[in-house]
Amino acid sequence: MKEKVFIRKAVLCVAGLLLLLAPLSLRAQYAAFAVVSDSHVGAPGSVYAEFIRNIEEEGTRMIVHTGDAINSPGSLSQWAQFFDITGTDKTLYLAPGNHDINGQKSLDVYLGFFGVPYSSTSDGDTLLVFLNTELPGEESRIADEQLAWLSAELAKPFRYKLVFLHEPLFPVIRHHGLDRYAQERDNLHLLFVRSGVSLVVAGHDHVYDRSLRDGVTYVIGGRAGGKVWPTNNGRSTCYITAKRTGDFYSFEVKDVNGKVKDAFAVKRGAQQKSAEGRENNRRTTASLGRLSLRD
Ligand SMILES: [Fe+2]
């Protein structure tokens with residue numbers, strides 16, 4: 001009889017321990033990641049190596065790059081340099097930019113390295129989608145096969161959906177992104193809203209910007225290299241760290257010295273809350289709207 005009681009207690013103890021550990025193990029599966037934009041490796045002034053050093057020191061091993069990894073489309077030596085700086089100990093996801101792909105020849109080079117023009121991955125309850133705004137004949141658009149693929153991806157029942165692409169839907173510099181095709185851009189935004197996308201990060205503008213539209217947080221991720229446009233708002237050179245904190249994804253925007261310049265959090269779909277800096281929800285660059293650049 002005593003033996004039976006002991007066994008029952010032991011089973012209860014093990015079950016209790018498993019219950020206690022379950023939330024920890026669930027949380028532990030979420031990899032922290034860093035988002036880097038526009039490194040333009042091969043051009044003067046790239047601070048990609050410095051960013052990667054900071055990211056390594058922070059213990060992060062997953063890099064999401066929102067395009068213009070290299071400076072000269074199709075350059076094998078620049079791709080080699082980019083991969084060398086990134087390091088083989090990390091997982092890299094890239095949403096290519098117009099300096100990575102500029103026509104069929106450089107697309108072929110890109111596909112030689114990455115295999116597919118656009119992709120997705122998942123981590124627990126989170127879907128991460130990496131789009132391609134530079135497909136030959138479909139520049140500055142998400143159209144045709146890619147749009148059909150994206151719609152199917154976003155229809156999947158993930159709690160969090162994070163989208164990365166090079167050209168912004170709502171660029172700081174007017175007509176410098178998907179806003180070239182305003183109706184298609186609006187439809188894409190509606191797809192994001194209806195699908196419960198929490199966050200969309202782009203590059204291309206070489207400035208940092210954050211806005212909240214219909215529950216979707218849109219970020220333009222600054223630069224790790226390339227030209228400094230007149231739009232520079234003092235926060236252009238930065239990278240973003242991301243981690244899952246309980247029920248939120250929390251983000252910190254850091255300069256080359258690792259100093260935090262902005263911080264925000266996103267929650268699922270339309271329930272997002274900005275952790276701070278609600279003033280950033282408004283467009284801050286209306287006066288720059290007349291500029292039109294392509295880089
Ligand atoms: Fe760029």
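Helices and strands here are DSSP runs, numbered from the N terminus, with helices being H or I of at least four residues and strands being E of at least two. Residues are numbered from 1 along each chain as its sequence is written. The model is predicted, and local features need pLDDT of at least 70, side-chain atom pairs count only at pLDDT 80 or more, and totals for chains, interfaces and linings use all residues.

**The whole chain**

Begin with everything selected: the chain has six helices and twelve strands. Of its 295 residues, 38% count as buried, where a residue is buried if 20 or more other C-beta atoms lie within 10 Å of its own, exposed if 12 or fewer, and partly exposed in between, with C-beta atoms placed from the backbone. Contacts, meaning pairs of residues whose C-beta atoms, placed from the backbone, lie within 7 Å, can also be sorted by separation along the sequence. Among those with a separation of 6 or more, 68% join residues 24 or more positions apart.

Strands of a sheet pair through backbone hydrogen bonds, either parallel or antiparallel.

Strand 1 runs antiparallel to strand 10, to which three bridges join it, and phenylalanine 33 has alanine 242 of strand 10 as its bridge partner. With strand 2, strand 1 pairs in the parallel sense, also over three bridges, and here valine 35 is partnered by valine 64. Follow the chain from strand 1 through helix 2 to strand 2, and you trace a right-handed β-α-β crossover, a term that applies if, with the strands pointing away from the viewer, the path from the first strand over the helix to the second runs clockwise.

**Helix 2**

Which residues of helix 2 are buried? Select Tyr48, Phe51, Ile52 and Ile55, and you have the buried residues of helix 2. They lie on the same side of helix 2, because they cover an arc of only 100° around the axis, the arc being that of the directions from the helix axis to the C-beta atoms. These buried residues pack against strand 1, strand 2, helix 3 (76-86) and strand 10. Just after helix 2, look for glycine 59, which takes a positive phi of about 85°.

**Helix 4**

Move on to helix 4 (residues 104-114), in which Ser106, Leu107 and Tyr110 are buried. Seen down the axis of helix 4, these buried residues fall within an arc of 105°, so they line one face of the helix. The face turned away from them carries the exposed residues Gln104, Lys105, Asp108, Leu111 and Gly112. Helix 4 is followed by glycine 115, whose phi is positive, near 85°.

**Strand 6 and its neighbours**

Select strand 6 (residues 160-164), where five of the five residues are buried: Tyr160, Leu162 and Phe164 on one side, and Lys161 and Val163 on the other. Strand 5 (residues 126-130) pairs with strand 6 in the parallel sense over five bridges, and valine 129 has valine 163 as its bridge partner. Strand 7 (residues 199-202) also runs parallel to strand 6, joined to it by three bridges, with valine 163 standing opposite valine 200. Two right-handed β-α-β units can be traced here, one made by strand 5, helix 5 (residues 144-154) and strand 6, and another by strand 6, helix 6 (residues 182-195) and strand 7.

**The core**

Finish with the largest nonpolar core, which has 59 residues; those with the most contacts inside it are Leu131, Val163, Phe164, Val200 and Tyr239. Such a core is a set of buried Ala, Val, Leu, Ile, Met, Phe, Trp, Tyr and Cys residues joined through C-beta atoms within 7 Å.

Notes:
Pairing = 2+ DSSP bridges. Contact = placed C-beta atoms within 7 Å.
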